[in-house]
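Please look at the ligand site first, and then at the aromatic rings around it. The account below follows that order.

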Amino acid sequence: MGEAVTQSAPVLRALQVTKRFDGFVALDAVDFSLREGERVGLIGPNGSGKSTFVNSLTGVFPIDHGSVLFNGTDITRLTAWQRARLGLARSFQLPRPFKSQSVRQNIEIPLMFAVGQTNPDRIAAEAEAILLQVGLGAQSRASPKSLTQVELRKLELGRALAAKPRVLFADESMAGLSDTEVDEVLEVLMKLNAEGISIVLIEHIMRTVVRFSERIVVLVAGKKIADGDPREVMSHPEVERAYLGQ
Ligand code: ADP
Ligand code: MG
């Protein structure tokens, strides 16, 4: 199949990305492309390499083969910090806020690093704006210890946003939440996407992934086995087999 004709250029590309842990091949020659403003769902059984893929693209560890391009520039050798500066952000599966700081301070700290902004009033104002974006406007002065699970996930997204990303990887931001809470987080992600951030959503609940995604990519045992229209991908025999096998 040829690459689809699209209106916007890819903001992020992975070419033949391969990652091994000792002898174990966690990612096997994965090609991937994300357009500006696109919403992609990344799915696959547990251990299929989804988080490893995010780690490889955001520079948590070096890859063994292949390359990563951001806006056409090779970033394969850049550190996680340098990639974050360019606009690659991710939220972690398990939120880990600074518990001794307020909710707002949890946004202010990454904000200071990201934009090199030091004026306290401006940082505070920007942090408040981010908290509004993720639906935590009322919790600004609270301690993260007083937040509910869904609020902690929103704070985690806010911390990722503080880096002013162009691309956001949401790695299981909704795991363990109730249906209504999942919808709340999904709504936040849709809003961020509407503001121009390209989003890769990693999520187990298929209903949520299909609702969110313009395109779905499937990893099985470190290999990409499908990439395309959500409904077509979900009815792909190999995808059905991978999920029935779980
Ligand atoms: P997923 O996110 O799809 O559940 P992961 O990317 O976390 O899967 O893991 C893929 C495989 O790579 C698993 O077998 C996992 O044990 C292994 N793996 C992931 N990270 C590491 C690591 N830092 N060291 C060794 N093995 C790892
Ligand atoms: Mg994972």
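A polar side-chain atom of Lys 50 lies 2.8 Å from an oxygen atom of ligand 1, a polar contact (a pair of N or O atoms within 3.5 Å). The model is predicted, so local features need pLDDT of at least 70 and side-chain atom pairs pLDDT 80 or more, while totals for chains, interfaces and linings use all residues. Residues are numbered from 1 along each chain, ligands from 1 in the order written, and side-chain values use heavy atoms, without hydrogens or water.

The backbone contributes too: an N or O atom of Gly 49 is 3.0 Å from a ligand oxygen, and a polar backbone atom of Ser 48 is 3.2 Å from one. Taken alone, ligand 1 exposes 560 Å², of which the protein buries 58% (Shrake-Rupley method, 1.4 Å probe). Helix 1 (50-58) and strand 2 (24-35) each give two or more residues to the shell; helix 1 gives the largest share, three residues. Helices (H or I, at least four residues) and strands (E, at least two) are DSSP runs.

Two aromatic pairs are found in the whole structure (ring centres within 6.5 Å; planes under 30 degrees apart are stacked, over 60 edge-to-face, the rest tilted). Phe 21 and Phe 61 pair edge-to-face, at 5.6 Å and 80°. Phe 32 and Phe 53 have centres 5.4 Å apart and planes at 85°, so this pair is also edge-to-face. It links strand 2 to helix 1, 21 residues apart in the chain. Phe 53 is buried at 1% relative accessibility, as is Phe 32 at 4% (buried is under 20%, exposed over 50%, partly exposed in between; 1.4 Å probe, protein chains only).

Note on methods
Polar contact = N/O pair within 3.5 Å; in protein donor to acceptor, adjacent residues only side chain to side chain. Phe/Tyr/Trp six-rings, centres within 6.5 Å; stacked < 30°, edge-to-face > 60°.
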